[in-house]
Amino acid sequence: RLQACLDQVGFDPAVDRLFSVGDLVDRGPHSAQALAWLAKPWFHAVQGNHESLAITHFHGGRLDLDMYRAAGGGWFLDLHRDEQEVFVEQFLQLPIALEVQTTAGLVGLLHADSPFNDWAALRDSLLFDDDAQVREVCQWSRKRLKDGGTEPVAGLRALLVGHTPVLQAKRLG
């Protein structure tokens with residue numbers, strides 16, 4: 001479906017780039033194709049909570065396997081460990097945040113939310129502190145969406161996130 005959408009809008013991999021806000025896996029029967037997309041030089045993604053779940057499972061972290069399977073992770077759990085490792089190696093390369101300079105200004109990309117209302121503070125926290133709580137908000141939080149947050153994230157033209165399925169894109173802040 002993604003390729004069909006790209007074809008419909010005339011996506012040209014020679015000049016265009018595609019950005020993803022994560023959860024490349026566990027969202028239907030084609031999770032294994034994530035590796036093919038990640039190999040494309042024009043495809044850029046942040047690490048979503050489902051990539052993080054795979055990493056946690058592979059490295060023996062605490063994880064409710066029934067929850068993970070119910071959330072779509074069964075395909076990963078059913079892989080041989082060697083096959084899991086190939087995915088985890090790629091998922092570990094995904095940043096928690098991306099920034100894209102556009103003619104309209106800097107655009108930030110996260111999977112879920114920013115714990116800060118200042119992009120520079122988030123950037124510094126991710127680069128220098130690698131705080132697990134900050135990563136958790138970036139990958140799991142729905143606070144800004146649930147609260148209908150009106151405060152923008154300073155230093156950005158826009159912050160684009162995914163994580164929560166909505167019927168229409170919502171503009172906050």
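**Chat notes**

Reply: L145 sits in helix α8, residues 143-147 (helices are DSSP runs of H or I, at least four residues, strands E, at least two, numbered from the N terminus). This is a predicted model: local features need pLDDT of at least 70, side-chain atom pairs count only at pLDDT 80 or more, and totals for chains, interfaces and linings use all residues. Residues are numbered from 1 along each chain as its sequence is written, and side-chain values use heavy atoms, with hydrogens and water left out.

Me: Other topic: which residues have the most contacts inside the largest nonpolar core?

Reply: L18, W42, F43 and F91, in a core of 21 residues. Such a core is a set of buried Ala, Val, Leu, Ile, Met, Phe, Trp, Tyr and Cys residues joined through side-chain atoms within 4.5 Å.

Me: Which element gives the most to this core?

Reply: α3, with four residues.

Me: And what is F43 in contact with?

Reply: Leaving aside neighbours within four places in sequence, F43 is in contact with L18, S20, L24, W37 and L38 (contact means heavy atoms within 4.5 Å).

Me: Backbone now. What is the phi of D23?

Reply: Positive, about 55°, although D23 is not a glycine. D23 is in the loop between β1 (18-20) and α2, and counts as buried at 13% relative accessibility.

Me: Where does D130 lie?

Reply: In the loop between α6 (119-129) and α7 (132-140). D130 has a positive phi of about 45° and is partly exposed, at 46%.

How values were computed:
Buried means under 20% relative accessible area, exposed over 50%, partly exposed in between (1.4 Å probe, protein chains only).
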